[in-house]
Amino acid sequence: MTRFRVDLNTKIIPNDARVFLARAGKQGHMFQQVLEHRAIGPDLPMLDLDLRNGLDGDPNVEAKIKRARAFSSWLRKSGEAQGDRPSQSVNDYHDANKRSGHAQIDGIVRSYFHELNAGDVLVIPNPSYFGDAIIAELLPIGSAVVKIPGTRRFTGFEFDGRRFGHFKMVKMADLPRSVIELAKAPTGLAEISNSVVKRRIFELGYDDFVLDDKFVSRIFTTKRDFTPFDGNVLNALVTMVAENVDRLETDGREAELLGLVQAAFEQLEHDDLQVKIDINSPGFLAVFDRSVVPLVIGSTLAILASVGFDATAFAQDTVVEVSNSGSAEVADVCSQEVSRLTENMLTLLSTAEEDFQRTCNLLREAHDNTGARTNVTVEVER
């Protein structure tokens, strides 16, 4: 018996996930520090919040904001206009008058350290239109802020930040136009509510994900060579899995399944299935569907690659166990379905030995040419 332990590594995006544009300091002056420290927060030096009892548990929040704004203003001036250094003691700011815009700044601080939830997604624009933006997923707040060191005129001062985990670098030009326009405004933090724009941000920020009834998985090509042959093989893999999943759902283990060669000439009647190809190599082939088909494609390719596309590895009993470390708390049903379909498909395909050998040989050649891989990981136990 051969047992395959599969991890889908697929993000399950909750329906209430929010997306925000978050600027890394005025005109993006903190962008590199934000990227290096994997954290972002208000553009306020010397804020020094105490989060041990939550933001509302720090009785000095208002005074600390006043102090931080005083230092920010002082540091942005030079020469005689700078004047005396502000007081560092927070006690000196309790009775100080609130400057214009205090409520807005207070709202940004409260958003970062109280209202933004773990799992919310931030788009952090690059100060250069020709650079790469950061799309990042926030982590839980925790009991302490992240200290982000300032540079240039802010050298020697620190900014309080909120840590993010998963992130991707995305070309500014690839962001939705409305987000690019928002990035040109002086807004420090703004929610992006348009559902179409949010979906595009999720597509840019995650390789493999599930959102509502949409499943997305990617096959990556990691080598520079990519020929029409390779494209035909990978497209045939998508067709083969999609058609075979339909047949398994209809006929169960009595289904007659397609091999890769047959699938190359098969016309799919599958209106929801979409394939997007970035022909640049290294590049990717992204599969979208309203079923788990994209995840079955990813797990099938990963399993075959894990045994070197050796058709004989499936000659005996094959067991596929699927989990999802990307979102284990909500993905059990999805993982079980992927497990059942992948196991049944590989088992039935292997019974047609000659066709299955041909399928494995073609996939091996395309894999050797392109380095095709998925984010799915596999452990093999024999």
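K147 is partly exposed, with a relative accessible area of 29%. In this predicted model, K147 forms a salt bridge with D48. A search of the whole structure finds 23 salt bridges. The count of aromatic pairs comes to eight.

**Salt bridges**

- In the bridge between D48 and K147, the closest N and O atoms are 3.1 Å apart. The pair links distant parts of the chain, 99 residues apart. D48 sits in the loop between strand 4 (39-40) and helix 2 (61-75). K147 sits in strand 7 (residues 146-149).
- D48 is partly exposed too, at 40% relative accessible area.
- K64 and D58 also meet through their side chains, at 2.9 Å from N to O. Are these two residues buried or exposed? K64 counts as buried because its relative accessibility is 8%, under the 20% cut-off. D58 counts as buried at 6%.
- R199 and D212 form a salt bridge at 3.6 Å, N to O. R199 lies in helix 5 and D212 in the loop between strand 10 (209-211) and strand 11 (214-221), so the bridge ties together parts that are 13 residues apart in sequence.
- R199 is partly exposed at 25% relative accessibility, and D212 is partly exposed at 47%.
- Some salt bridges share partners: R3, R5, E321 and E381 are joined this way into one network.

- Which residues of helix 4 (residues 177-184) are buried? They are V179, I180 and A183.
- Why do they lie on the same side of helix 4? They cover an arc of only 100° around the axis, which puts them there. An α-helix has 3.6 residues a turn, so residues three or four places apart point the same way.
- On the other side of helix 4, R177 and K184 are exposed.
- The cover over the buried residues of helix 4 includes strand 3 (19-22), strand 5 (121-124), strand 9 (189-192) and helix 5 (195-205).

**Aromatic pairs**

- The rings of F71 and F157 have centres 5.9 Å apart and planes at 50°, so this pair is tilted. F71 lies in helix 2 and F157 in the loop between strand 7 and strand 8 (158-171), so the pair ties together parts that are 86 residues apart in sequence. Both F71 and F157 are buried.
- F314 and F356 make an edge-to-face pair, 5.6 Å centre to centre, with 80° between the planes.
- This pair also links distant parts of the chain, 42 residues apart. F314 is in the loop between helix 8 (293-306) and strand 14 (318-323). F356 is in helix 10 (residues 353-370).
- F314 is buried at 2% relative accessibility. F356 is buried, with a relative accessible area of 2%.

**S350**

- S350 is placed in helix 9 (residues 332-351). Its relative accessible area is 12%, so S350 is buried.
- What does the side chain of S350 reach at 2.7 Å? It reaches the backbone oxygen of T347.
- Not counting residues up to four places away in sequence, S350 touches F314 and F356.

**Charges over rings**

- R218 lies over the face of F284, 5.2 Å from the ring centre.
- K276 lies over the face of F288, at 4.7 Å from the ring centre.

Methods:
Residues numbered from 1 in each chain as written. Predicted model: local features only at pLDDT ≥ 70, side-chain atom pairs only at ≥ 80, totals over all residues. Heavy atoms only, no water. Buried < 20%, exposed > 50% of the residue type's maximum accessible area, 1.4 Å probe, protein only. Helix = DSSP H or I, 4+ residues; strand = E, 2+ residues; numbered from the N terminus. Arc of directions from axis to C-beta. Contact = heavy atoms within 4.5 Å. Salt bridge = Lys/Arg side-chain N within 4 Å of Asp/Glu carboxyl O. Polar contact = N/O pair within 3.5 Å; in protein donor to acceptor, adjacent residues only side chain to side chain. Phe/Tyr/Trp six-rings, centres within 6.5 Å; stacked < 30°, edge-to-face > 60°. Lys NZ or Arg CZ within 6 Å of the ring centre and 35° of its normal.
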